[in-house]
Amino acid sequence: KIKKPFILRTIPGGIVVNSEQPIQVNIYTFHGTLQTLQKIPAGSSTIDLPKGLYIVKAGNQIEKVIVK
């Protein structure tokens with residue numbers, strides 16, 4: 001079983017990233033433009049985002065999310 005570098009969930013106005021280790025998270029708009037790049041510590045971190053569709057990448061894991 002391959003361990004995912006992070007677990008992601010959406011909240012109104014953003015996302016919550018849970019990771020066991022510090023990671024760099026790249027968030028792209030659905031059109032591929034870099035929205036934000038953040039280095040987050042181990043544990044739970046909230047990233048504020050405007051409403052929209054995003055692609056979240058950390059390591060080799062990629063997730064698509066809708067922020068409402």
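Two strands are taken as paired if DSSP finds at least two bridges between them. On this basis, the predicted model holds an open sheet of three strands in the order E1-E2-E5, with antiparallel pairing. Strand E1 spans residues 7-11 and strand E5 spans residues 43-48; both stand at the edges of this sheet. Each has a single partner strand, so one side of E1 and one side of E5 are left without a neighbour in the sheet. From one strand to the next, the twist averages 20°. E2 and E5 run antiparallel and are joined by six bridges. In one of these pairings, Ser 19 has Gly 43 of E5 as its bridge partner.

An open sheet of four strands is also present, in the order E4-E3-E6-E7. Its pairing is antiparallel. The edge positions are taken by strand E4 (34-40) and strand E7 (61-67). Each of these has a single partner strand, so one side of each lacks a neighbour in the sheet. The twist here averages 20° from one strand to the next.

Gln 24 stands opposite Lys 39 in E4. E3 and E4 form a hairpin, with four residues between them. Gly 32 lies in the turn and has a positive phi of about 95°. Strand E6 covers residues 52-58 and is joined to E7 by seven bridges, again in antiparallel fashion. Tyr 54 is bridged to Val 65 in E7.

The largest nonpolar core comprises 15 residues. Those with the most contacts inside this core are Ile 15, Val 17, Val 25, Ile 27 and Val 56. At least two core residues come from each of strand E2 (14-19), E3, E6 and E7. Beyond its neighbours within four places in sequence, Val 25 contacts Val 17, Thr 36, Leu 37, Gln 38 and Ile 40, along with Ile 47, Val 56, Lys 57 and Ala 58. Val 17 and Val 56, both in contact with Val 25, are themselves among the core residues with the most contacts.

Lys 57 is placed in strand E6. Its relative accessible area is 32%, so Lys 57 is classed as partly exposed, a category that lies between the 20% and 50% limits. Leaving aside neighbours within four places in sequence, Lys 57 is in contact with Phe 6, Gln 24, Val 25, Asn 26, Tyr 28 and Ile 62. Lys 57 and Phe 6 are 51 residues apart along the chain. Their C-alpha atoms are separated by 9.5 Å. Gln 24, another contact of Lys 57, is the residue that stands opposite Lys 39 in E4.

Gln 61 belongs to strand E7. Its relative accessibility is 7%; the limit for burial is under 20%, so Gln 61 counts as buried. The side chain of Gln 61 makes a polar contact of 2.9 Å with the side chain of Glu 63. With neighbours within four places in sequence set aside, the contacts of Gln 61 are Lys 4, Pro 5, Phe 6 and Val 56.

Conventions:
Residues numbered from 1 in each chain as written. Predicted model: local features only at pLDDT ≥ 70, side-chain atom pairs only at ≥ 80, totals over all residues. Heavy atoms only, no water. Axes fitted to C-alpha atoms, helices over the stretch in contact; angles between N-to-C directions. Core = buried A, V, L, I, M, F, W, Y, C linked by side-chain atoms within 4.5 Å. Buried < 20%, exposed > 50% of the residue type's maximum accessible area, 1.4 Å probe, protein only. Contact = heavy atoms within 4.5 Å. Polar contact = N/O pair within 3.5 Å; in protein donor to acceptor, adjacent residues only side chain to side chain.
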